[in-house]
Amino acid sequence: MASSVNPTVRRRRLGQELRRLRELKGMTAEEVAERLLVSQSKISRLENGRRSISQRDVRDLCGVYEVEDQRIVDSLMQMAKDSRQQGWWHAFGDIPYSVYIGLETDAESLRTYEPQIITGLLQTRAYAEALIQGALPETSVADVEKRVQVRIRRQERISAENNPLRLWVVLDEASLRRVVGGKQVMREQLEHVAEMSQLPHVTVQVLPFDVGAHPGINGQYSILEFADAADSSVVYIEGVTSDLYLEKAPDVQKYTVMYEHLRAQALNVEQSRQRIEDVAKEYAR
């Protein structure tokens, strides 16, 4: 049964605290690995929150770092226990981007740039089905349906009455023009985007073709921000076989500046909604 505890966020916070303790001790990840007779990569994975952390791992690391306050040890052990619980997405089985879902579920705001498709949080069911089938032609019908269900469930963050996700989307005009699922599907999809863009916590801008070269020319990315000051912002870049998560302040700052340039070059909110509605009408002909 899925828990209200977000295991991804627990792992991330725990990893950050373990890294802080290591740095206070003045030890490198390599030195810790040698003391515990494990690989350096394991220590790195524990600290970046990409790997489940057992209570034994926490106990051993606290021993190496000579943590004498039992309350701190107990708190970290509890975080390790929480990090092994299941989030709502685990009910759907093996989800390739489960780490991202965990972060998105806990995020306060999300800024995303999409060069080719309508962003997942604004997709209709018909568009999502056609998109997944086209992008993953060898995927079974059952797996396509599972992925669609997960995508629809993620969208609950947008419609939540309490603390909805603040979403800012910059869509390249190509995403409006790329026909996914046929003209009827595209018309309904764009009408849905235009409707969702009227929500006070959702902003959609269109980057028109005539802008030419721009800072997002290299591809899609998202910036997730969190309410808890202990959780640093994360840049997420989706890949075919693996995803990239950037958390270092200089990296996040670089992508943030890029996003500001994209927002400045895109049509304003009213012009963007008009462009989306105009293209939707073209699909109705």
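Modeller: Start with handedness: a crossing is left-handed if the near helix is turned anticlockwise from the far one by less than a right angle, and right-handed if clockwise. Keep in mind that this is a predicted model.

Colleague: Which hand does the crossing of helix 2 and helix 4 have?

Modeller: Helix 2 and helix 4 cross in the right-handed sense.

Colleague: What describes two packed helices in general?

Modeller: The angle between their axes and the distance between the axes. Here, helix 2 (residues 29-36) packs on helix 4 (residues 55-64) at about 110 degrees, and their axes are 11 Å apart. Helix 2 is therefore roughly perpendicular to helix 4, since angles of 65 to 115 degrees are classed that way.

Colleague: Which residues of helix 2 and helix 4 meet?

Modeller: From helix 2, Val32, Arg35 and Leu36; from helix 4, Asp60, Leu61 and Val64. By class, this contact has four nonpolar and two charged residues, with no polar ones.

Colleague: At what angle do the axes of helix 11 and helix 13 cross?

Modeller: At roughly 160 degrees, with the axes of helix 11 (residues 183-196) and helix 13 (residues 269-283) coming within 8 Å. An angle over 145 counts as roughly antiparallel, so that is how helix 11 and helix 13 are described. Their crossing is left-handed. Helix 11 contributes Lys183, Met186, Arg187, Leu190, Glu191, Val193 and Ala194 to the contact, and helix 13 contributes Arg273, Ile276, Glu277, Val279, Ala280 and Tyr283. Of these residues, eight are nonpolar and five charged, and none is polar.

Colleague: Now single residues. Is Ser272 buried or exposed?

Modeller: The test is relative accessible area, and buried means under 20%. Ser272, which lies in helix 13, has 0% relative accessibility and so counts as buried. Apart from neighbours within four places in sequence, Ser272 is in contact with Val204, Gln205, Val206 and Leu267. Its C-alpha atom is separated by 9.5 Å from that of Ser197, 75 residues apart along the chain.

Colleague: Where is His214 placed?

Modeller: In the loop between strand 3 (202-207) and strand 4 (221-225). With a relative accessible area of 10%, His214 is buried too. The His214 side chain reaches the backbone nitrogen of Gly216 at 3.0 Å.

Colleague: Which residues is His214 in contact with, leaving aside its neighbours within four places in sequence?

Modeller: Tyr113, Asp172, Leu207, Leu262 and Gln265.

Methods: Residues numbered from 1 in each chain as written. Predicted model: local features only at pLDDT ≥ 70, side-chain atom pairs only at ≥ 80, totals over all residues. Heavy atoms only, no water. Axes fitted to C-alpha atoms, helices over the stretch in contact; angles between N-to-C directions. Helix = DSSP H or I, 4+ residues; strand = E, 2+ residues; numbered from the N terminus. Parallel < 35°, antiparallel > 145°, perpendicular 65-115°, else oblique. Contact = heavy atoms within 4.5 Å. Nonpolar A, V, L, I, M, F, W, Y, C, P; charged D, E, K, R; others polar. Buried < 20%, exposed > 50% of the residue type's maximum accessible area, 1.4 Å probe, protein only. Polar contact = N/O pair within 3.5 Å; in protein donor to acceptor, adjacent residues only side chain to side chain.
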